[in-house]
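Take a look at the sequence and the 3D view, then read on.

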Amino acid sequence: MKGINRSWLTRSLTRHERAETRGQWRFYRLKDGLCYSSPGIDIGTISILFVLMLVTSPVCAEDAALDGVWSDYWILRFLVNLAGYATIIIPGYLLVQYFKKSSYLETGRGICFPLVKTCVFGSELKAGAQEEPSASSRAEPPEPSFTRQTVKLLACVIGLQASYLTWGVVQERVMTKTYGKTETDPGVKFRDSQFLVFMNRILAVLVAGLCCALSKQPRHGAPMYKYSFASISNILSSWCQYEALKYISFPTQVLAKASKVIPVMLMGKIVSRKSYEYWEYLTAILISAGVSMFLLSNSQNKHPSTVTTFSGIVILAGYILFDSFTSNWQDALFRYKMSSIQMMFGVNLFSCLFTVGSLLEQGAFFQNLTFMIQHPEFAAHAGLLSICSACGQLFIFYTISQFGAAVFTIIMTLRQAFAILLSCLIYGHSVTVVGALGLATVFLSLFLRVYARSRMKSKKRAAQSQAPVQKV
């Protein structure tokens, strides 16, 4: 069967002839070509696990043979993570429903009442309800000088590029290279993408909490539990982003992220009931064509770092789907009176809760801490990833607030192009002529979207300013 190394399968299973139990996972043994089930495992279970092995390609044949564990298959890791999140989500959902149906807001008292009110009910203040007072009370700030604006813009560009280019290089290093490699020891790869997500979120929530404490923020109105929806999708999208690098090249991942405008549009029609212009559909088609050209050119390239597997495509599709839901749900949450820093704090707070709970339930939290102690280089890389992620989020919010979404989109589009170039230079990825043409098509389409959107906004503002005033 294509993509399955049967000799590796026999060697890896023969290597573990004795039945072995790790945590709650049981394994079976293959001896002399015959399958013997270990205690607690029936033939039906073995058949299901074997089918899963055929569907999901292993991360790396050599590493899987050394590890010999079922956690080398991403679909099982994904399902186990979901089970961990469910142990927190389901009780939380039941509590929220209980408090809502029991009229706790009217009858509740005691020391827990403020906490329950904040988490379940909030103040239910929508932005529209206070739009008029806030607009009238806010004075128009003086127009900043050209030099000051230029310095601000350069600071935003440098901050965003430095944060996310460094983050991309370190991310590829962590997920594709080994640690502890010597002349006699091939080293080991770090496998747990969920722990990296936790590391990023724990620093982000600390930074956001510090910003909320030191700067004046609007009164928070949204029920806290509503952040959990964006948090779960954000965790899963980040997990898919890390996990995909085990199966595809970094340039392919970046290009897929650049093309997420297509599922964002689809999710916008489903979640937010949005309508789009003809040029938005046109650029979406051009982006799809460019991505297809790049992926097809990579499928003909036999370099091991650029082979795109079916598992990688599925994981990338999951990343784009979850990320699209996150952005649309956050748009809906912004209808409450809140700042971007408050959004950052709420989403990352729940992300820390979900990831640390899942890691503890799997027994992986302290294992990963042990890995960090044994490999100081990995600890430095994980810390650098967290710093770049937290600083990058702050630069995103500041850039959008100062210069708008169009300028931010241009900066991030350039960042994606620079990230592909940097990855090719550092890690030796090769790009064919057809692949380069596909890259050019994608990024030109993205710039076309920014240009068309800015023109549309300019026309709307001009039409509003030239609207005739009816005389009485």
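## L369 and its helix

L369 counts as partly exposed, because its relative accessibility is 31%; the label covers everything between buried (under 20% relative accessible area) and exposed (over 50%), worked out with a 1.4 Å probe on protein chains only. You'll find L369 in helix α16. Helices here are DSSP runs of H or I with at least four residues, strands are runs of E with at least two, and both are numbered from the N terminus. L369 and F195 sit 174 residues apart in sequence, yet their C-alpha atoms are 9.3 Å apart in space.

A quick word on the ground rules: this is a predicted model, so local features need pLDDT of at least 70 and side-chain atom pairs count only at pLDDT 80 or more, while totals for chains, interfaces and linings use all residues. Residues are numbered from 1 along each chain as its sequence is written, and side-chain values use heavy atoms, with hydrogens and water left out.

## The chain as a whole

The chain has 19 helices and four strands. Of its 472 residues, 43% count as buried. Contact means heavy atoms within 4.5 Å. Take the contacts between residues at least 6 apart in sequence: 79% of them join residues at least 24 apart.

## Where α15 meets α16

How are two packed helices described? By the angle between their axes and the distance between the axes. Helix α15 (residues 340-362) and helix α16 (residues 365-374) pack at an angle of about 95°, and their axes are 6 Å apart. The axes are lines fitted to C-alpha atoms, for helices over the stretch in contact, and the angles run from 0 to 180 degrees between N-to-C directions. So α15 and α16 are roughly perpendicular to each other, a label for angles of 65 to 115 degrees (under 35 is roughly parallel, over 145 roughly antiparallel, and the rest oblique).

On the α15 side, the contact is made by V356, L359 and L360, and on the α16 side by F365, F366 and N368. Sorted by type, the residues of this contact are five nonpolar, one polar and no charged. Nonpolar here covers Ala, Val, Leu, Ile, Met, Phe, Trp, Tyr, Cys and Pro; charged covers Asp, Glu, Lys and Arg; the others, Gly among them, are polar.

H375 lies in the loop between α16 and α17 (376-403). Is H375 buried or exposed? It is buried, because its relative accessible area is 14%. Setting aside residues up to four places away in sequence, H375 touches Y179, G180 and V188.

## The nonpolar cores

A nonpolar core is a set of buried Ala, Val, Leu, Ile, Met, Phe, Trp, Tyr and Cys residues joined through side-chain atoms within 4.5 Å. The largest one holds 75 residues, and V174, F195, L196, Y227 and F378 touch the most other members. Its largest share, nine residues, comes from α10.

Zoom in on F378: leaving out neighbours within four places in sequence, it is in contact with V174, Y179, F190, L196, F371 and M372. There is also a second, separate core of eight residues, including F99, F113, V116 and V120.

Helix α10 (residues 227-244) has 18 residues and should span 26 Å at 1.5 Å a residue; its end C-alpha atoms are 26 Å apart, which agrees. The expected span is 1.5 Å times one less than the number of residues. The helix is mostly covered, with 17 of its 18 residues buried.

Beyond its neighbours within four places in sequence, Q241 is in contact with W167, Q171, Q253, K257 and Y319. Q241 and Q253 are 12 residues apart in sequence and 7.7 Å apart in space, C-alpha to C-alpha.

## Two more stops

S103 lies in the loop between α4 (74-101) and α5 (104-107). It has a positive phi of about 55° although it is not a glycine, and at 36% relative accessibility it counts as partly exposed.

V433 is found in helix α19 (residues 433-465). V433 is exposed, with a relative accessible area of 73%. From V433 to F294 it is 139 residues in sequence and 9.3 Å in space, C-alpha to C-alpha.
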